[in-house]
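Dear colleague,

I am passing on the structure below, followed by notes on what was found in it. Please read the notes with the coordinates open beside them.

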Amino acid sequence: MSKIIPYKTYLGEDEVPKFWYNMRADMKKKPAPLIVPATGKPCTAEDLEPVFCKELVRQELDNDTAQFEIPREIRDFYRMFRPSPLVRAYFLEKALGTPAKIYYKFEGNNTSGSHKLNSAVAQAYYAKAQGLKGVTTETGAGQWGTALSMACSFFGLDCKVFMVKCSYEQKPFRREVMRTYGAEVTPSPSMTTEVGKLINAEHPGTTGSLGCAISEAVETAVKNPGYRYVLGSVLNQVLLHQSIIGLEAHAAFEKLGEYPDVIIGCAGGGSNLGGLIAPFMGEKLRGERDCRIVAVEPASCPSFTRGAYAYDYCDTGRICPLAKMYTIGADYIPSPSHSGGLRFHGMSSTLSELYDQKLMEAVSVKQTDVFAAAVQFARVEGILPAPESSHAIRAAIDEALKCKAEGREETILFGLTGTGYFDLIAYQAFNDGRMEDCEPTDEDIRISLEKLPKVKE
């Protein structure tokens with residue numbers, strides 16, 4: 001367990017964090033290591049450096065260092081939009097008639113429109129510092145691709161984005177923002193990579209998944225000298241960068257003289273949730289303070305609530321290392337009627353271990369209920385939320401109504417990861433009454449999980 005360092009020391013005089021916080025340093029039982037599929041042995045730096053930037057590999061594999069200093073160039077970039085506001089949702093509280101206090105940490109006050117820029121700028125900086133020509137990545141709903149495109153433009157890097165095909169078609173304006181920042185955007189699975197051709201052959205007419213797009217991005221990075229692959233969620237390094245969300249929120253609550261009873265975050269791969277809860281989970285792990293932590297995932301991609309805790313491929317093409325995580329199988333592809341992001345088949349290894357230790361909870365919600373919450377929030381709080389964020393809004397409203405029914409006061413914090421102005425086709429489907437709920441059957445998940453790799457632990 002790490003030496004206890006007060007979280008207020010993580011922030012500079014401008015209240016922008018000077019350090020990232022690594023939750024793993026305070027975990028007695030560490031997340032399971034990434035494994036090389038061919039050998040069954042834990043990944044080393046030498047295994048990962050052909051795919052990832054060297055400094056990011058160091059951050060990925062470090063389970064013991066609590067503080068990572070944020071380079072000056074990254075902090076200078078952060079000052080454009082950080083610290084982000086912690087807002088009390090007075091109007092939502094009034095509309096619900098709840099005795100609960102509801103706060104949200106708003107990460108949408110930047111051009112990319114989401115929290116993803118926190119890690120994108122860090123990963124682009126390390127790629128530039130290594131002397132690389134460019135990076136490749138995948139994106140689901142488009143927030144990560146947008147953020148990375150913006151960060152690469154700032155640092156003068158080439159950016160190749162593989163965008164999940166149904167999102168590529170549903171969100172043309174998100175795609176155009178990426179292109180405006182100079183990125184090359186390809187719908188995935190494509191016919192430009194060998195793994196893309198294989199996936200298209202095995203799944204004719206597929207609308208894609210994050211697992212498919214990851215495979216194509218990794219292949220492209222490995223085959224092009226001067227390129228590395230970067231990822232917007234799931235990995236330890238990404239949760240590390242996103243810890244600035246929670247560090248700022250923690251500092252704001254200290255100023256208010258309050259502390260959340262429950263923290264709620266949307267969960268796809270885990271970047272937002274992991275960042276939001278980081279310092280609060282640290283206190284929980286060290287036995288200093290306690291609060292409930294709730295992950296909210298889509299019913300259409302329920303890795304926590306219906307998946308297995310096992311080693312699985314992070315990508316559909318099975319070219320990435322194996323990660324132990326809650327998963328519904330790398331072959332699983334969400335229905336194209338699924339309107340938000342959060343499309344990944346698995347969950348962060350760090351969050352999976354915390355969930356397995358029962359240090360956090362998880363719920364799944366249907367997308368029609370999610371959009372009903374989004375509309376309710378937009379009408380009273382004045383922000384059109386991203387569909388991903390709206391999963392957390394749904395759960396926060398349900399928690400506040402429970403407080404009302406039980407006559408109980410409670411302080412609720414949820415993550416508002418970004419804005420939904422590029423998601424208007426989904427809002428249109430909801431407003432027109434055409435949105436459908438989509439959930440995998442038990443048989444769908446069983447078939448997918450049958451294909452999990454056999455790993456001796």
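Is Tyr-355 buried or exposed? Tyr-355 is buried, with a relative accessible area of 19%, where buried means under 20%, exposed over 50% and partly exposed in between, for a 1.4 Å probe and protein chains only. Before going further, please note that this is a predicted model, in which local features need pLDDT of at least 70 and side-chain atom pairs count only at pLDDT 80 or more, while totals for chains, interfaces and linings use all residues. Residues are numbered from 1 along each chain as its sequence is written, and side-chain values use heavy atoms, with hydrogens and water left out.

Aromatic pairs

Rings of Phe, Tyr and Trp (its six-membered ring) are taken to pair if their centres lie within 6.5 Å, and planes under 30 degrees apart count as stacked, over 60 as edge-to-face and the rest as tilted. By this rule the count comes to 22 aromatic pairs. Tyr-259 lies in the loop between helix H11 (236-256) and strand S9 (262-266), and Phe-280 lies in helix H12 (residues 271-285), so the pair ties together parts that are 21 residues apart in sequence; helices (H or I, at least four residues) and strands (E, at least two) are DSSP runs numbered from the N terminus. Tyr-259 is buried at 14% relative accessible area, and Phe-280 is buried at 1%.

Tyr-355 forms a tilted pair with Phe-304, at 4.4 Å centre to centre and 40° between the planes. Because Phe-304 belongs to helix H13 (residues 303-306) and Tyr-355 to helix H14 (residues 349-356), this pair ties together parts that are 51 residues apart in sequence. Phe-304 is buried as well, with a relative accessible area of 3%. One aromatic cluster is formed by Phe-77, Tyr-78, Phe-81, Tyr-125, Tyr-126, Phe-154 and Phe-155.

Charges over rings

A charge sits over a ring if NZ of Lys or CZ of Arg is within 6 Å of the ring centre and within 35 degrees of the ring normal. The charged end of Arg-289 sits over the ring of Tyr-259, 3.6 Å from its centre, and that of Lys-324 sits over the ring of Tyr-309, 4.6 Å from its centre.

Two buried loop residues

Pro-385, in the loop between helix H15 (367-381) and helix H16 (387-406), is buried with a relative accessible area of 0%. Leaving aside neighbours within four places in sequence, the residues in contact with Pro-385 (heavy atoms within 4.5 Å) include Ala-374, Phe-377, Ile-393, Leu-416 and Tyr-427. Thr-417 lies in the loop between strand S14 (411-416) and helix H17 (424-431) and is buried at 4% relative accessibility. Not counting residues up to four places away in sequence, Thr-417 touches, among others, Glu-107, His-115, Cys-266, Asn-272 and Glu-388.
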